[in-house]
Every structure is written in structure tokens, then in C-alpha cells.
Amino acid sequence: MVQTFTEAETSRFARIREGEGELNIHYNDCDPGSARETVVMLHGSGPGASGWANFNRNIEPLVAAGYRVILLDCPGWSKSDSIVCNGSRSNLNARVLAGLTEALGLARVHILGNSMGGHSAVAFALDHPERVGKLVLMGGGTGGASPFVPMPTEGIKLLNGLYRDPTIENLKAMMNVFVFDPSDLTEDLFQTRLDNMLKRRDHLENFVKSLAANPKQFPDFGPRLGEIAAPTLVIWGRNDRFVPMDASLRLLAGIPNSELHVFNNCGHWAQWEHWQAFNALVLQFLSR
Ligand SMILES: O=C(O)CCC(=O)/C=C/C=C(\O)C(=O)O
């Protein structure tokens, strides 16, 4: 029988040191009870994003395969403390991930990062190589300009605009660019996402302040990708209008032990748009 989980029953908090203070960090812990390995999933930077919202189609198959799945809500999202990030948000998230894995006694984890989560996974792998098993980078992994697509991309412009003016119309405009086939997006999904956004206007305001303080929240790790020894699966949507597919080629070229899978007819949310094939791909990669 497939074990099912709810957000509420898996909801946890941990206090993580950051600088001179502490952050109250929310995460979901989906533990089958007999797991030998842990997969940490890191969400993207959109308004109202959370681990659960990004990865709810990916949790149960991984738990059914025996993995403990932890969904970290980065500072500035969901039920975690808010923060103004004046430096690298990729490295801030990596420090929080380091604190959480230490608090949970996890010496080594696999990391599945979506967009900003991918950038943060790479930052963590560069700072703590001994604590990374395998990496799955999906729609992210490094900042830096595309040689082919005008930046900021149309998707990022809509994302930044939504932070400034959080309306259902602007949310729909962003989400319709987010995925290749918007027909799968429901009014319920929009409303849930809008409710999550409006519950934490401090997150919205602080993201705008962070961008003003440092427009390059996600550094270009290109020169350091060769340091990553972890086996890495890069997954992208060919029709990604947020972080263009050529970023996947930079990751493939830079990370020595990496491979790339591109989903056709897929936007920026491969783990949601093609979830069955995505889950099978990830499980096969992790099991090797
Ligand atoms: O700007 C970047 O490089 C990262 C963009 C990003 O992380 C966007 C992700 C958005 C979501 O995952 C979401 O809104 O659910």
C-alpha cells in the first residue's frame, strides 16, 4: 500500500543559526521510517512557492522507493522566517540547508533543486562536497546570462512584477508562461497559490527589497562547476521561458560527472508537468 502524507502531518520547524541571529525554518519531513537515504527538495523563487507546492507530485513515489524526503522552505517563503537578502541568495539557502541537515543529524543527502533550488543545491555542493550524495538540478543550477535569450527572461519579468503587484491576474499571467500546457492549471491551484502569497506580504516586500539591494541574487557558478564531483542529473524543459535551456548545457559542460535529460513540450516545472516520467528518471538515477 502506498504511504500517503499530508502537509499538516509532516510540517516541522527548526531554528537555524544565520549570521548573528537565528531563523525559524519550516520544512516537511516525509519519512517512511526505514529510510537509509534522504532526498532534500529545494523549491523555486516564485511568490507563494513552497516545497510542498512545488513537489507534491514527487514525494510519494520517492518515499515508496524507500527514501526519506525533506522539503525545505527557504527563508523568505511559506512558513519560514522572512529575510532581506543583500548577498547571494543561493549561498544563504545553502547555509540554511547546512544548518537543517546538521540539526537532523544527516551527514549526507541527495539534493533535488528546482530553479532557485538548483542554484542553492550547487552552492551547497561547492561548500560541503562531503555532505552531498547525488544532485538533481531541474530548471536551475547557476545564475548567469544566456547567450541566446534576452535577460531577464519574460518569465522572470512576470515573476518580479507579481512580487510588486500580487493580483490573481498577474499570477495567472506568470503561471501561463510557467508551464508549456496551461490547461492543467486549475482555479483551485491559482487560488491556493494566491492565498499563500497574501498570507505573507512580508515575504513579497522583502523579496523586492532584496532585489533592490542586490539584483544578482543568484551568482554565476560557471567557473567553479568543475569542482563538483557528485553524480549530477540535469533536467530541463525545452520550452522553459524562465531559465532558458542553454543553462542546462552550461551545467552539463561544467560538472564532470553529469548527464542531461530534456523534456519536450515542457516549461519551467518539469517535476510537475511530466511528473510520472520525471519521478521514474530521478528514481533510476538515484538507484544506480
Ligand atoms: O531567477 C532564477 O534564476 C530562478 C527563478 C526561479 O527560481 C523561479 C521559480 C519559481 C517557482 O518554482 C515557483 O513559482 O513555483
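Colleague: Why does Glu18 count as buried?
Modeller: This is a predicted model, and in it Glu18 has 18% relative accessibility. Buried means under 20%, so Glu18 is called buried.

Colleague: What makes Arg95 and Glu18 a salt bridge?
Modeller: Their side chains meet at 2.8 Å, N to O. The cut-off is within 4 Å, so the pair qualifies. Arg95 lies in helix 4 (residues 89-103) and Glu18 in strand 1 (residues 11-18), so the pair ties together parts that are 77 residues apart in sequence.

Colleague: And why is Arg95 called partly exposed?
Modeller: Arg95 has 40% relative accessibility.

Colleague: Which label goes to Glu187, and why?
Modeller: Glu187 has a relative accessible area of 53%. Exposed means over 50%, so Glu187 is exposed.

Colleague: What is the salt-bridge partner of Glu187?
Modeller: That is Lys172, with 3.0 Å from N to O. The two link distant parts of the chain, with Glu187 in helix 8 (residues 187-199) and Lys172 in helix 7 (residues 168-178), 15 residues apart. Lys172 is partly exposed, because its relative accessible area is 26%.

Colleague: How many salt bridges are there in the structure?
Modeller: The structure holds 13. Among them is the one joining the side chains of Glu22 and Arg15, at 2.8 Å. There is also a network of salt bridges linking Asp29, Asp31 and Arg68.

Conventions. Residues are numbered from 1 along each chain as its sequence is written. This is a predicted model: local features need pLDDT of at least 70, side-chain atom pairs count only at pLDDT 80 or more; totals for chains, interfaces and linings use all residues. Side-chain values use heavy atoms; hydrogens and water are left out. Helices (H or I, at least four residues) and strands (E, at least two) are DSSP runs, numbered from the N terminus. Buried means under 20% relative accessible area, exposed over 50%, partly exposed in between (1.4 Å probe, protein chains only).
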